[in-house]
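Dear colleague,

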Amino acid sequence: MQLFTCPFCGPRDETEFHFGGESGNLRPDGTDVTADRWASYLYMRDNPKGAAREIWVHMNCGEFFVMERDTVNHKVETSIALDSAEHA
Amino acid sequence: MTRRYSALSLFKEGLAGQKGWEPAWRSPEPKKTYDAIVIGGGGHGLATAYYLAKNHGITNVALLEKGWIGGGNTGRNTTVVRSNYYYPESVAIYDLAHRLYEGLSADLNYNVMLSQRGMVFLAHSINEMEITARTVNAMQINGIDAEIFSVDDVRRVAPMLNFSPNARFPILGGGWQGRAGTARHDAVAWGYARGASRLGVDIIQNCEITDFIIEGGRCRGVHTTRGSIRADRIGMAVAGHSSVLAAKAGFRLPVNSYALQACVSEPVKPILDTVVLSPGTGVYVSQSDKGEIVIGGALDRIPSYGQRGNLPVLEGVIAGLLEMFPTFAQLKLMRQWAGIVDVVPDSSPIIGESPLPNLFINCGWGTGGFKAIPAGGTLLAHLLATGKHHDISRPFDLDRFAFGRLLDEAAGSGIAH
């Protein structure tokens, strides 16, 4: 069983967390957004092998945060509260 | 040298001390240029190479595999072959695969041990019975064999199931596809490799792609750990690693990579002669010819390239299995593993030319790639040979994400991936 660290609750069981998507995937703004740009936002992913920067939610406390981890060995580098991260 | 496999050749080789067998496929040094390159020596890549040679006469082909053939998801699945999908487009592609599987041993002269033992998908509530009826209706309308099973029918094919009225997931009945079954996964890879090699395809293992050769905005070949290899038509079928290669080619895919686990018990005497799937517990199970109970379940919940899997999902799968078959609590697990699968938002594959011209992709099969190998190979070979979609692959082009023409089989047939 792996422990993830919630910035608010500390180390908790991995089953309490839910993957929320890749960090930095910004919603397009404005009325003249192309279909390709929408598809890119909605569907296209970097899906990195190795170092990843992701949004996670701790389902018990409901907080979203940024987690930096390795997608091969699953080692977690940091968990950062969203208000102190540069962007979601 | 003995080339053709048959009872007679086995008998003759037995008399001759088994000295006349030749390797099933050649392992040549890579040439500098080919007419086509196929990246990925799993089932889909090997089938692509085979059908390029067989269906289209393109034999000057290199198949490049970074490890050994069949060592990825082709060797890590639960070997189930079925075509119980909902949308006509999906039925067309999966039934093409299913029908090719039915003739594959004869076509390849290699016994892939297809065992059409049937599959029952259980229903645990009135609502699930209604959804099952809808699925069975859709399958029948699309020309696929399917039946509604009463609880007595289920009891007839899988009497060891937990039929207790107090069960957490009581069995009310289910659906049945009699042509479904299992095939020997290694044999599928090796049979296609042997068939392709005989037709002239160079199967090159331990050859990892380090970059693409891009000239004039088109893909012209690949740089590999065994040197540069050029071709004007390149196909890739690398499942969970599709995003990694796409990044080298300069585009992104609607793919998330997850670990999908499976495990087998110690071998026991025959106890289960069908495939059983329970949407309620999320578990599917069959018994291998060796006697092992082969168990699969849901995806891991954490995006991953680690071919191991995490413990919570394995625990959930085993709990579901024991709910379905309480007697299996006596079994010991022998092996557990995971493959990295390419999960797409609409749970349907992606086949077509990539945003980099000359590079064609076959990916996005998620948790269901094994059953689709003959179709994935046929369709990618058609694209590489003609530059155009086969009618069956056109709906699965990458452009469906911008057009919004998704084929949502998670909603359609209730598959979990």
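**What was found**

Chain B contains 12 helices and 19 strands, and please keep in mind while reading that this is a predicted model. The radius of gyration of chain B is 21 Å, close to the 22 Å that the globule rule gives for 417 residues, so chain B is as compact as a globular protein of that length. Its C-alpha trace spans about 65 × 65 × 40 Å along the principal axes, and 53% of the 417 residues of chain B count as buried. If one takes the contacts in chain B between residues at least 6 apart in sequence, 75% of them join residues at least 24 apart.

Once its neighbours within four places in sequence are left aside, Ile37(B) is in contact with several residues, including Ala62(B), Leu64(B), Val222(B) and Ile229(B).

Strands of a sheet pair through backbone hydrogen bonds, either parallel or antiparallel. In chain B, three strands form an open sheet in the order E9-E10-E11, with antiparallel pairing. Strand E9 (209-215) and strand E11 (227-230) of chain B are the edge strands, each pairing on one side only, and the twist averages 30° from one strand to the next. Six bridges join E9(B) to strand E10 (residues 218-224) of chain B, and Asp211(B) has His223(B) in E10(B) as its bridge partner.

Terms used: Residues numbered from 1 in each chain as written. Chains lettered and ligands numbered in written order. Predicted model: local features only at pLDDT ≥ 70, side-chain atom pairs only at ≥ 80, totals over all residues. Contact = placed C-beta atoms within 7 Å. Helix = DSSP H or I, 4+ residues; strand = E, 2+ residues; numbered from the N terminus. Rg over C-alpha atoms; globule rule 2.2 N^0.38 Å. Buried ≥ 20, exposed ≤ 12 C-beta atoms within 10 Å, placed from the backbone. Pairing = 2+ DSSP bridges. Axes fitted to C-alpha atoms, helices over the stretch in contact; angles between N-to-C directions.
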